[in-house]
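Okay, thanks for coming, everyone. Let me put the structure up and then walk you through a few parts of it.

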Amino acid sequence: MFPPSLEREKRFDFCGCPSVKSREARGLVRTRDRLVAECLSMGARAHGGNPNKIHAGPLSPGCRLCAEGKWSCLFMGRFCRRGCFFCLQSQREKKAALREKPTGFRPRSAEEYREFVRRAGYRGVAFSGGEPLWFFDELIEYVTALRKGAGPRLAIWVYTSGDFMTERRLRELKSAGVDELRFNIAARNYSLTALSRAAKHFENVTVEIPAIPEDTTRLLALLPRLRSAGVKYLNLHQLTASAHNSDALARRGYRIHKNGEGYPAVGPVVESELAALRLLREGLASGPPLPIHYCSARYKELFQARAHRQRLAEYFTGETAALRRASKVTSAGYLRRRVPDDGRRTVPSKVCYLDFRSPADSGNEHGVFSRGRIVKEVPLKSAGERRLFEKFFLSAVADESVVGAILAENKKDSGVARFLRRFENLEYLPVSLDRYC
Ligand code: SF4
């Protein structure tokens, strides 16, 4: 299933982790490969043939939309009072601060967001936080606007710990148009109280939690009760490190992959992936009482993000035929502009980013230097769209030919060249993701 030795090690990113030595990494990769192979031989399926996302039983409709880049996730704000050790963010801000993921788009009104969802052609919308129910009035306002605009075809779901959930609020969520609730039961010591209450109102109740190695046995014992409580799907994620939670993860002795090839933004916890796969295997062995799905950090960072990029590339280039002709979307979903080779340039390829910004400007480690062209040419309809476009596409790393071209063009400017050499390690550049499948 996988190519041999070193390539394998790189593909699973165990190398490069400061706490996982190269020798250990090989053993961990073998363990992971074995677990994946066992799960597949017991009836699990790799989604789209991709072993980074495997499931026993069907995927939930929302997860299918997510894999296709057909959903938008709106973060209502950060506040939450659960204080999970694995939480990626600080939970103190009590004000609503709506932000769409992964673009960073901040809608100023429910109507603006509804229009964004419509024009981007999304078929699913999720609300997350913090705890979205803390921002209940805004939540209802946004759900109502979306449902009114899109009708029954749009899938709408809400992630919650179960806090602030009353019978009255459940009824309001239902009548506003929410289809599904996804519970993080790990946030409430695996209590099923809120979830059971919700199942009386909602047909679709899902459990979505990180795979916590210490809780594997407990979760396995809970599987039959989840089913009888009305849960339709169990989604497992890989624990990931952020600036906020990395100390707590380290205290538990987890080994974390530092930023590196394939993981631009997060540090995936090695032990969590193994725990998820063991859970899936044991669930299969006991005849799965409910569908279980493991979505790795690698899948989210590479494939889910690619699907989002591709969708938004269509969104931005679909405006005019001229724009479509002038644009190219790489197989990894990055938008390039075709530029004419007028004979004066030393560019070896006709495909190039048009805008290069400094890391200081963009606040993004993948930022490149600014020439300010593409933003002027793409018909962006609002300041929000412009920010979205800049953040999402212009911060993307260049591919091999583009890096070479830019280096050639800027060879006299050592500052530019020094910066761009960071991208010479092409293993890091997701030009195509085929090698990860
Ligand atoms: S319930 Fe969610 S938002 Fe709240 S602390 Fe836990 S992980 Fe963070």
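**A helix across the sheet**

So, let's start with helix α10, residues 270–285: α10 lies across β2 (53–56), β8 (204–210), β9 (233–237) and β12 (292–295), and runs at about 160 degrees to β12. Keep in mind that this is a predicted model.

Now the sheet itself. We've got an open sheet of 10 strands with mixed pairing, and the order goes β1-β2-β12-β9-β8-β7-β6-β5-β3-β4. β1 (45–46) and β4 (99–101) sit at the edges with a single partner strand each, so one side of each has no neighbour in the sheet. For one of the pairs, take Leu74: its bridge partner in β5 is Phe127.

Okay, on to a pair of helices. α4 (residues 110–120) packs with α5 (residues 136–150) at an angle of about 45 degrees, and their axes are 9 Å apart. That makes the two oblique to each other, and α4 passes α5 in a right-handed crossing. On the α4 side the contact is made by Ala110, Glu111, Tyr113, Arg114, Val117 and Arg118, and on the α5 side by Glu141, Tyr142, Ala145, Leu146, Gly149 and Ala150. By class, that contact has 7 nonpolar, 1 polar and 4 charged residues.

Last stop, the ligand. Which residues are around the ligand? They are Cys80, Arg82, Gly83, Cys84, Cys87, Gln91, Gly129, Gly130, Glu131, Ser161, Asn184 and Ala187. That shell divides into 4 nonpolar, 6 polar and 2 charged residues.

How values were computed
Residues are numbered from 1 along each chain as its sequence is written. This is a predicted model: local features need pLDDT of at least 70, side-chain atom pairs count only at pLDDT 80 or more; totals for chains, interfaces and linings use all residues. A residue is near a molecule or strand if its C-beta atom, placed from the backbone, lies within 6 Å of it. Ala, Val, Leu, Ile, Met, Phe, Trp, Tyr, Cys and Pro count as nonpolar, Asp, Glu, Lys and Arg as charged, and the others, Gly among them, as polar. Axes are lines fitted to C-alpha atoms, for helices over the stretch in contact, and angles run from 0 to 180 degrees between N-to-C directions. Helices (H or I, at least four residues) and strands (E, at least two) are DSSP runs, numbered from the N terminus. Angles under 35 degrees count as roughly parallel, over 145 as roughly antiparallel, 65 to 115 as roughly perpendicular and the rest as oblique. A crossing is left-handed if the near helix is turned anticlockwise from the far one by less than a right angle, and right-handed if clockwise. Two residues are in contact if their C-beta atoms, placed from the backbone, lie within 7 Å. Two strands pair if DSSP finds at least two bridges between them.
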